[in-house]
Amino acid sequence: MKQKKYMNPYVGGVLLGLVLIIAFWVSGRGLGASGAAKSAIVTGVKTVAPKHVENTAFYQGYLETHPQPMKEWLVFQMLGVIVGGFISGAIAGRLKFKVEKSPKITSKTRLIFAVLGGILFGFGSQLGRGCTSGSALTGMAVLSLSGFLSMAAIFGTAFALAYFARKLWI
Amino acid sequence: MGPLIVNGIISDNTNLFLAFLIGIGFGFVLESNGFSSSRRLAGMFYGYDTTVLKVFFTAAIVGATGLLFMSLFGWIDLSYIYINPTYLWSTIGGGVIMGAGFILGGYCPGTSFCAASIGKLDALAFIGGMFIGILIFAEGFPLWEEFYNAKFMGAPLLSEVLGTSRGLLTFLIILVALGMFYLGEWSERKFARSDYQLNQK
Amino acid sequence: MKARLILAAVLIPLGLIIAAVPENTTKPYKLTAEQLLEEVQSGTQFIHPDQVADMLVSKDPSLQLIDVRNADEFEKFSLPNAINIPLTDILNPEWEGYINQDVKLNVFYSNGSNDANEAWMITRQLGFKNNYVLQGGLNYWAETIMNPEAPENTSPNEEFLKYNLRKGAGLALGGDAENTQSAPAVSAPAPPIQKRPKKKTVQGGC
């Protein structure tokens with residue numbers, strides 16, 4: 001089945017902006033992603049090694065403010081993202097197991113770099129208190145200083161390093 | 001009126017349910033715009049596909065303008081909106097690390113979940129890496145705790161820092177964004193690739 | 001591309017409007033009758049005399065007592081450092097600086113709680129924050145703080161603690177006399193002060 005075309009980016013942007021406004025109107029907060037991953041991590045560690053969680057200040061601090069990490073707003077929002085992405089992919093005929101990469105590299109290389117990028121992103125999103133959606137996009141919509149700072153840092157660094165990583169993509 | 005949860009109009013559980021619906025909207029829009037494709041995302045940094053820039057900034061300016069108008073009409077109380085705090089060094093440091101992760105991994109957390117939902121295996125690998133990254137951060141927290149909390153500046157708005165009104169700043173951002181969109185479309189023509197199709201309406 | 005031009009044609013005028021309009025600093029929403037009723041019934045606007053006494057004794061600078069009775073009554077007796085804004089005069093713009101602010105904790109009081117409660121409802125409807133009502137008014141104040149009733153011997157310890165606190169506060173605040181001399185702070189765990197501007201803290205993060 002031939003893939004349908006992607007949505008016009010400006011139309012998509014307006015729709016995304018509206019979703020963002022609804023999120024603000026309903027819960028006074030924007031969108032986010034890495035917070036849900038953090039909830040999952042804390043829950044996971046708590047299940048596997050409850051003793052360890054009790055003795056680590058970081059987890060205790062998190063659990064104090066989030067007594068039920070899997071009952072967090074962002075977790076439910078992220079589940080929605082998975083469902084929403086799936087629906088859109090199904091409608092457009094894009095459901096397919098595959099590794100997307102530049103024709104010049106092997107799938108294995110792509111996966112190794114994906115994991116590496118994931119580690120960096122996971123770490124950075126915790127350090128920076130939010131990722132592209134939570135900190136940069138949402139932060140910019142509310143005009144917060146940190147939103148603009150993290151947007152500039154993320155995209156600036158990616159542009160600066162683009163030359164060195166060009167083999168991965170072009 | 002808004003935010004509904006702060007003013008106690010909806011219950012906590014309704015809020016979570018609405019979060020799920022909002023997430024569906026978020027995921028749907030991301031996927032429909034091809035944010036589930038890492039080559040499309042990475043194209044932004046080589047100029048052959050600037051969709052990310054367009055969608056991202058359109059959403060930001062629509063969101064900013066919309067919030068100000070809703071406040072003007074009295075539909076939402078902006079003082080209840082969460083403003084992310086600024087810890088100068090960790091915000092920048094985190095951003096730099098995320099930028100490196102973006103160019104290597106080709107996704108950001110939100111888009112990786114979205115891509116995984118339609119079967120992209122590299123996105124699954126990215127999510128796995130992300131969990132490892134968060135785990136490293138949590139386990140080694142005492143090592144970077146000081147950096148994490150350094151140079152706390154409260155939760156200032158850019159408009160406060162620049163000394164303008166929110167409306168004026170929003171207007172300026174709209175102009176900047178439209179300028180960038182123009183550049184983006186120009187670059188898509190200039191850096192067009194024979195092995196990559198934009199494939200959009 | 002056409003879509004970009006449409007976007008520009010919509011957003012630039014909107015941006016101009018929003019840049020030109022002064023920011024909405026008045027509190028944007030009014031409560032509906034139902035919402036107000038619900039708030040009145042839930043009674044979150046009330047502050048117990050114990051709390052007020054404790055703040056007075058510890059000279060908490062954030063406390064602002066506002067007497068909504070008429071000037072004659074205010075002259076005869078008032079709580080320490082209270083200002084007088086008669087209920088009939090509450091909409092006078094002169095007072096707005098006092099009742100529309102977000103630094104101090106305003107506590108309205110009258111003889112009972114009716115007049116104070118009305119003052120609170122008016123300010124609440126105007127969207128002003130940080131206004132509260134002294135529960136039971138001066139009558140209840142006199143009962144609890146100035147002439148506390150000793151608990152029975154069989155009462156639990158907390159009752160005695162409360163009684164001692166009240167007695168101390170009553171003495172410190174002048175007991176039956178109206179004068180407001182300075183008083184040593186009572187060293188006792190302060191009852192939690194409920195500041196209620198946010199019902200829920202919104203958390204963010206990604």
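Q: In this predicted model, which residue of chain B does the side chain of A:R110 meet in a salt bridge, and how should I read that pair?

A: A salt bridge is read from the separation of a Lys or Arg side-chain nitrogen and an Asp or Glu carboxyl oxygen, with a cut-off of 4 Å. Here the partner of A:R110 is B:D122, and the N to O distance between their side chains is 3.0 Å. In total, chain A and chain B are joined by three salt bridges, and there are also 47 residue pairs in polar contact between these two chains, both residues of each pair being at pLDDT 80 or more.

Q: Which helices of chain A each supply at least two residues to the side that touches chain B?

A: Helix 1, helix 2, helix 4 (57–65), helix 5 (73–92), helix 6, helix 7, helix 8 (145–162) and helix 9 (166–169) each do, with helix 1 giving the largest share, 18 residues. Sorted by class, that side of chain A holds 70 nonpolar, 35 polar and 13 charged residues.

Q: How much area do chain A and chain B bury between them?

A: Buried area is read as the accessible area lost when two parts are put together, summed over both. For chain A and chain B the figure is about 10,800 Å², of which 75% lies on carbon and sulfur atoms. On the chain A side, A:Y6, A:R129 and A:W169 lose the most area to chain B, and together they account for 8% of what that side buries.

Q: Within chain A, what do domain 1 and domain 2 bury between them?

A: Chain A is divided into domain 1 (1–96) and domain 2 (99–170), with nine residues of domain 1 and ten residues of domain 2 taking part in the contact. The two domains bury about 660 Å² between them, 68% of it on carbon and sulfur atoms. Zero salt bridges are counted between these domains, alongside two residue pairs in polar contact. On the domain 1 side, helix 1 (9–27) and helix 2 (34–48) each supply at least two residues, and the largest share, three residues, comes from helix 1.

Methods
Residues are numbered from 1 along each chain as its sequence is written. Chains are lettered from A and ligands numbered from 1 in the order in which they are written. Side-chain values use heavy atoms; hydrogens and water are left out. Domain bounds come from an automatic or database domain assignment. Contact means heavy atoms within 4.5 Å. Buried area is the accessible area (1.4 Å probe) that two parts lose on being put together, summed over both. A polar contact is a pair of N or O atoms within 3.5 Å; within protein, one must be able to donate a hydrogen and the other to accept it, and residues adjacent in sequence count only if both atoms are side-chain atoms. Helices (H or I, at least four residues) and strands (E, at least two) are DSSP runs, numbered from the N terminus. Ala, Val, Leu, Ile, Met, Phe, Trp, Tyr, Cys and Pro count as nonpolar, Asp, Glu, Lys and Arg as charged, and the others, Gly among them, as polar.
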